[in-house]
Amino acid sequence: MLTTDTVELMQAIIYYATNIFITLGLTGGTTALLATGVTGVVFIVSTVPAMLIIDKVGRKPMLLVGSIVMAVSMVIVGIIVAKFGHDWPHHVAAGWIAVALIWVYIAGFGATWGPVSWTLVSEIFPLSIRAKGASIGAMSNWLNNFAIAFFVPPMLEAWAWGTYIFFAGFLVVGIFAVWFYLPETKNATLEDMDRVFKSRTGEIDARLMREVQEEVGLVALVEGRAAAQYEKKEIHESQIEKL
């Protein structure tokens with residue numbers, strides 16, 4: 001749930017970026033559209049580091065860092081809007097700072113929650129229900145996507161700065177949820193996930209997969225190749241010793 005809420009706030013910012021930037025004092029449609037274009041570029045560029053470090057750093061640390069960065073960004077934007085939103089023409093610099101913090105939020109999401117959330121969906125389910133689990137995750141994502149896209153415009157109009165604080169609150173809750181309840185799935189096997197969730201589903205799936213591999217001869221093929229390579233190594237070493 002927290003994952004989808006975080007994802008959908010990101011989607012809402014992308015959907016309504018032009019309107020959001022106008023409410024932050026960017027006058028003129030061209031300027032707002034350019035800022036929206038920068039948003040897309042920031043999002044794409046920020047996903048690259050995630051692909052390089054996700055298996056080194058781990059899922060949990062990335063989500064924690066991302067949540068903190070995004071929550072702080074939202075809180076500061078909310079404070080700026082509350083303090084200067086009534087008179088943007090005389091506080092242009094404050095408006096641009098708010099825009100920059102929106103970009104920081106986008107970068108934080110693109111480098112952490114964006115790729116990691118979908119990675120987790122594909123990892124935490126055992127093989128027997130992985131397709132169903134991933135499907136439910138995708139369905140939840142798009143249902144929340146619809147809800148957020150529907151409610152964000154009236155929220156921005158009615159709550160103004162409160163909208164940013166509202167979503168920052170979800171991110172703070174997400175920090176505690178990730179810290180206390182989310183298991184680390186980096187390099188985790190099906191058996192490891194069984195121990196985390198106190199289940200035997202992954203163990204059963206692994207045994208069934210082993211049986212299927214044995215039936216089709218895959219295990220024998222792999223073991224045969226390994227034995228052949230070992231024999232070649234032994235022969236090579238013995239020849240070296242004779243020399």
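Rings of Phe, Tyr and Trp, the last by its six-membered ring, pair if their centres lie within 6.5 Å. By this rule the count in this predicted model comes to eight aromatic pairs.

**View 1. The aromatic pair of F43 and F109.** F43 and F109 form a tilted aromatic pair, with 6.1 Å from centre to centre and 35° between the planes. Helix α3 holds F43, whereas F109 belongs to helix α5, which runs over residues 92-123. The pair therefore ties together parts that are 66 residues apart in sequence. The two partners can also be described by their accessibility. F43 has a relative accessible area of 25% and is partly exposed, because the range between 20% and 50% carries that name. F109 has a relative accessibility of 4% and counts as buried, because buried means under 20%.

**View 2. The aromatic pair of F146 and F150.** F146 and F150 form a stacked aromatic pair, with 6.1 Å from centre to centre and 20° between the planes. Both residues lie in helix α6, residues 130-159. They are four residues apart, about one turn of the helix. Both F146 and F150 are exposed.

**View 3. An aromatic cluster.** W159, F166, F167 and F170 form one aromatic cluster.

**View 4. T39 and its surroundings.** T39 lies in helix α3, which covers residues 29-57. With a relative accessibility of 2%, T39 counts as buried. Its side chain reaches the backbone oxygen of A35 at 3.0 Å. Leaving aside residues up to four places away in sequence, T39 touches F21, W103 and I106.

**View 5. The annotated transmembrane regions.** An unreviewed UniProt entry gives the annotation "transmembrane region" to residues 32-54, 61-82, 94-121 and 158-182. In the model, residues 94-121 are 100% helix and 0% strand. The end C-alpha atoms of residues 94-121 lie 39 Å apart. Residues 158-182 are 92% helix and 0% strand. For residues 158-182, the distance between the end C-alpha atoms is 34 Å.

Note on methods:
Residues numbered from 1 in each chain as written. Predicted model: local features only at pLDDT ≥ 70, side-chain atom pairs only at ≥ 80, totals over all residues. Heavy atoms only, no water. Helix = DSSP H or I, 4+ residues; strand = E, 2+ residues; numbered from the N terminus. Buried < 20%, exposed > 50% of the residue type's maximum accessible area, 1.4 Å probe, protein only. Polar contact = N/O pair within 3.5 Å; in protein donor to acceptor, adjacent residues only side chain to side chain. Contact = heavy atoms within 4.5 Å. UniProt positions renumbered as here; feature names shortened; annotations may be inferred. Phe/Tyr/Trp six-rings, centres within 6.5 Å; stacked < 30°, edge-to-face > 60°.
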